[in-house]
Amino acid sequence: MRVLQVIDKSFLGGGQTVVRHLLDGFRGTDVESLLACRDGGPLVEAARALRTRVHTIPFDKRFRPSAARRVADLVRSERVDVVHAHGLVAATTCWMARRLFGARVPLLYHQHGFHHHNYGPLTIGLRRAAEKAICRRVDRVIPVSSADLALLSSGGYAPRERLELVYYGIPEPRATAEEIEGARRAARLESGRPVVGLVGRLHVQKGVDVFLTAAALVLEERPDAQIVVVGEGELETELRELGRRLGLKDAIRFMGGRPSAPFMPLFSVAVLSSRWEGLPLVLLEYMAHSLPIVTTDAEGCLDAVGEKEARIVPRDDPRAMADAVLGLLGDPGSARGLGESARARFDGTFDIATMTRRFESIYREVLS
């Protein structure tokens, strides 16, 4: 069976990381994967490193038919059996390839969460209308959290029988002792002092401003704490300035876009301060590392963890976040128990093999 994975952007965000994991997970199976995406990003290099054939497509949010024609030509020339489209732009382009240019193979829309918060009121309405139109025209819609499944069903996006909830799966995060020590040196972390860490894109969605405010409150009671932020994004300058205004000074380390895996084993407490989520991959990585977690009550986060696996606090509440962090720093036994419970939930639920088995089953179902 030959499956074309399609995503419009080729930088390594959440959706692109899921695509990379699928390409990796299907290696050596009966599913042969191909990739179509924009040229020039790290996803292209990552796919080629996995020996996946990559076809570059000039995706455009104006939905020019040239991209759809390229997808249709690719489906025919490569004898593709199923198209697996990630995100609204890719799914719309693939539907146009089927509707206008005769690429009549089953089409899956991997929805990756609702991201209407990123747009203005007029654009939100247009996106919702476009999403409903696509959901009604594909063979399966794949939400990534139970909250998104409920919204897609109750909101009339797609009939319930066309919706298939599939949780993300990730490979076992690994970092060598040398890489971990390199991360410690890069962040100038002192042994014996607690580390409160956050990994995430520096975007309003991730609530890093709330985390920094909470960190300042933590430092009032635990001045020995070291604060680490791993991630990059459009708010970096603004967040650095906020850190200065909060008086964090030398207590905080902004580590930019470095690989996150070597930093996570250094965290005493791992925080995710998101305002909204589909299903956050970073939270799954925390779980795989058996870390004590503090996260928000964003619906996608609650699909990954409950009260047995994390301390859950309201969104946009730095005082509650700080209290949860301080509670874990002051009670190593509880922190260790949370981490062990998080790892137990990760195993068999969010591993990459479980995800790829679910998708292979869906592929075969839409082909039957």
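Visitor: What covers the buried residues of H5?
Guide: The cover includes helix H4 (88-101), strand S5 (107-110), strand S6 (140-142) and helix H6 (146-154). Cover here is by contact, meaning heavy atoms within 4.5 Å. Helices (H or I, at least four residues) and strands (E, at least two) are DSSP runs, numbered from the N terminus.

Visitor: Where do these coordinates come from?
Guide: This is a predicted model: local features need pLDDT of at least 70, side-chain atom pairs count only at pLDDT 80 or more, and totals for chains, interfaces and linings use all residues. Residues are numbered from 1 along each chain as its sequence is written, and side-chain values use heavy atoms, with hydrogens and water left out.

Visitor: Back to H5. Which of its residues are buried?
Guide: Ile 124, Arg 127, Glu 131, Ile 134 and Cys 135. They sit on the same side of H5, because they cover an arc of only 95° around the axis. That arc is taken from the directions from the helix axis to the C-beta atoms. Buried means under 20% relative accessible area, exposed over 50%, and partly exposed in between (1.4 Å probe, protein chains only).

Visitor: And what is exposed on the other side of H5?
Guide: Leu 122 and Leu 126 are exposed there.

Visitor: How many residues does H5 have, and what should it span?
Guide: H5 has 15 residues, 121-135, and should span 21 Å at 1.5 Å a residue. The rule is 1.5 Å times one less than the number of residues. The end C-alpha atoms of H5 are 21 Å apart, which agrees.

Visitor: Now H3. Which residues are buried there?
Guide: Ala 67, Ala 68, Val 71, Ala 72, Leu 74 and Val 75. Their arc is only 160° around the axis, so they are on the same side of H3.

Visitor: What do they pack against?
Guide: The buried residues of H3 pack against strands S1 (2-7), S2 (32-37), S3 (53-56) and S4 (82-86), and against H4.

Visitor: What follows H3?
Guide: Arg 79 does, with a positive phi near 50°.

Visitor: Let's talk cysteines. How many disulfides are there?
Guide: The count is 0. A disulfide is a pair of cysteine sulfur atoms within 2.5 Å. For Cys 135, the nearest cysteine sulfur is that of Cys 94, 14 Å away.

Visitor: Is Cys 135 buried or exposed?
Guide: Cys 135 counts as buried, because its relative accessibility is 0%. Cys 301 is buried too, at 0% relative accessibility.

Visitor: New topic. Where is Met 264?
Guide: Met 264 is in the loop between strand S9 (252-254) and strand S10 (269-272). Its relative accessible area is 1%, so Met 264 is buried.

Visitor: What does Met 264 touch?
Guide: Not counting residues up to four places away in sequence, Met 264 touches Val 199, Glu 285, Tyr 286, His 289 and Leu 291.

Visitor: Zoom out. How many helices and strands does the protein have?
Guide: There are 14 helices and 12 strands. Of the 368 residues, 56% count as buried.

Visitor: What does the C-alpha trace span?
Guide: About 65 × 45 × 35 Å along the principal axes.

Visitor: Which contacts come from residues 24 or more positions apart?
Guide: Such pairs account for 70% of the contacts with a separation of 6 or more.
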